[in-house]
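Here's a quick briefing to read alongside the structure. Keep the viewer open and look up each residue as it comes up.

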Amino acid sequence: MHGLHLTADLYQCTGQERYMLDADAIAQLCREQTAASGLTLVDDTWVKFPPYEGQPGGVTGTVLLAESHLAIHTWPETGSVTIDVYVCNFSDDNSGKARQLMEGVIEAYAPKRVLRQQLMRGDISMATAPEQAVPDDLPESQTCWAQEQLTPQSRFGYRATASEKVQTPFQQLELLETPQFGKVLRIDGRFMTSEKEEFFYHEALVHPGAMAHPAPRRALILGGGDGGAAEELLKHPSIERVVLAELDEAVIKFSREHLQAVHRGALDNERVQISIGDGMALVDGTQERFDLAFMDLTDPDTPASALYASQSLARMKRVLAPGGALVLHLGSPVFHGSQVAQLARSLREQFAVVRCYGLYIPLYGAYWGLAVASDSLDPAQMTVQQVAERIRQRKVQDLQYYNEQTHGGLFALPGYYRDLLAQHYQLS
């Protein structure tokens, strides 16, 4: 039963109208593409639906393959189509043929937007135990390419085996086993963190602001359910309390079970208080003031978008202690330029000091932007010697990315990043 399952959701299709309305035309298209891909047609069946409320009816059909099936559903009233192709790889690797069939059908519909997904089906646990790394030489028939779309024109991905998916009331959590980064957490199709490279993001998120603060004692993290940011904060001996406000309790449970290499027990540390629920409700209701606040959330173009609005940033500022700082990620200046610039401008409207910075984050497939915002704290003004002395005094260890040299390097912005920000506010 082991095989590859591909799905595609097509929007604003501009291909021939008959491929939306005519069951015979769609059937012929599928037969031709099946033959061209080298798969074996056994039979097919098609249903044409009648018009409804003045709109033409769509077509639903299935092509039975010796290797499994192809299914198509059309919605002519919206110009949308869904396709799925499933092939068994029992006696031969049919993955390439399945992809060829899928792409051939998609091309005929000429959609303006396509959402592709893929899943390895059946017997994955027999090929690779979920708690073990995927071997580099695992046959392609036993893996898939997990991909993320950065923009409508760009996507990237990693060879992976999907070992577990959980649908929560808020989102879909997915654990991937990858030869490149070990266990990877993906949320709603977005790569979040991984065992082997999480330090790029978490160290860069936490330490520039924390090291600039003379003695951070209390910290707030919105999101951060993987525990990686909390783990980095606990490396600073002055930290007495970390409040981790996570909307989705399932993320905490998932991380405790699968991502020990990311949080290293921080989720159960006595200095960490986990608050499940709406993080902004906690912000609005608390009288506590924090030396550092982190927005360790999904991207600004996800359902978390409202938390990046100017009003939300002002609410975050309210819970900062004097001399405190807000830290958040902005997205990629390369792929999300307008978003990054807008967020930087919103921060500038709220804070006297806004220091944008960036680094390449392997799992995210891009150079990524972050920012520290404060009315007085300025991490960009720290010298190499000052950073080195604070690392020594605090005995901060187990750093794989951050050090006294990379601290300043994070704030040394490439020209295109500086120009992007300068279009919206004058750099201080």
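This is a predicted model: local features need pLDDT of at least 70, side-chain atom pairs count only at pLDDT 80 or more; totals for chains, interfaces and linings use all residues.

Residues are numbered from 1 along each chain as its sequence is written, and side-chain values use heavy atoms, with hydrogens and water left out.

**The whole chain**

- You're looking at 14 helices and 18 strands. Both are DSSP runs numbered from the N terminus: helices are H or I with at least four residues, and strands are E with at least two.
- Taken along the principal axes, the C-alpha atoms fill a box of roughly 75 × 50 × 40 Å.
- The chain has 428 residues, and 54% of them count as buried. Buried means under 20% relative accessible area, exposed means over 50%, and partly exposed is in between, using a 1.4 Å probe and protein chains only.
- Take the contacts in the chain with a separation of 6 or more: 64% of them come from residues 24 or more positions apart. A contact here means heavy atoms within 4.5 Å.

**Domains 1 and 2**

- The chain splits into domain 1 (3-120), domain 2 (142-194) and domain 3 (198-422). Those bounds come from an automatic or database domain assignment.
- Between the C-alpha centres of domain 1 and domain 2 there are 24 Å.
- Where the two touch, seven residues of domain 1 are in contact with nine residues of domain 2.
- The size of an interface is often given as the accessible area lost when the parts come together.
- For domain 1 and domain 2, the buried area is about 630 Å², with carbon and sulfur atoms giving 48% of it. Buried area is the accessible area (1.4 Å probe) that two parts lose on being put together, summed over both.
- On the domain 1 side, Gln 118, Leu 119 and Met 120 lose the most area to domain 2, together making up 66% of what that side buries.
- Across this interface, the rule finds zero salt bridges. That rule asks for a side-chain nitrogen of Lys or Arg within 4 Å of a carboxyl oxygen of Asp or Glu.
- The strand β6 supplies five residues, the largest share of the side of domain 1 that touches domain 2.
- Sorted by class, that side of domain 1 has four nonpolar, one polar and two charged residues. Nonpolar covers Ala, Val, Leu, Ile, Met, Phe, Trp, Tyr, Cys and Pro, charged covers Asp, Glu, Lys and Arg, and the others, Gly among them, are polar.

**Salt bridges**

- How many salt bridges does a search of the whole structure find? The count is 15.
- One of them pairs the side chains of Asp 299 and Arg 190, at 3.0 Å from N to O. Asp 299 sits in the loop between β15 (290-296) and α10 (310-318), while Arg 190 is in strand β11 (residues 190-194), so this pair links distant parts of the chain, 109 residues apart.
- Are Asp 299 and Arg 190 buried or exposed? Asp 299 counts as buried because its relative accessibility is 9%, and Arg 190 counts as buried too, at 19%.
- Arg 190 also meets Asp 301 in a salt bridge of 3.1 Å, N to O. Asp 301 lies in the loop between β15 and α10, so the pair ties together parts that are 111 residues apart in sequence.
- Asp 301 is partly exposed, with 41% relative accessibility.
- Another salt bridge joins Arg 218 and Glu 288, whose closest N and O atoms are 3.3 Å apart. Arg 218 is in strand β12 (residues 218-223) and Glu 288 is in the loop between α9 (279-285) and β15, so parts 70 residues apart in sequence get tied together.
- Arg 218 is partly exposed at 27% relative accessibility, whereas Glu 288 is buried at 17%.
- Through shared partners, salt bridges join Arg 190, Asp 299 and Asp 301 into one network.

- Ser 68 isn't a glycine, yet its phi is positive, near 155 degrees. You'll find Ser 68 in strand β4 (residues 68-75).
- Ala 110, also not a glycine, has a positive phi of about 50 degrees. Ala 110 lies in the loop between α3 (95-109) and β6 (111-121).
- With 28% relative accessibility, Ala 110 counts as partly exposed.
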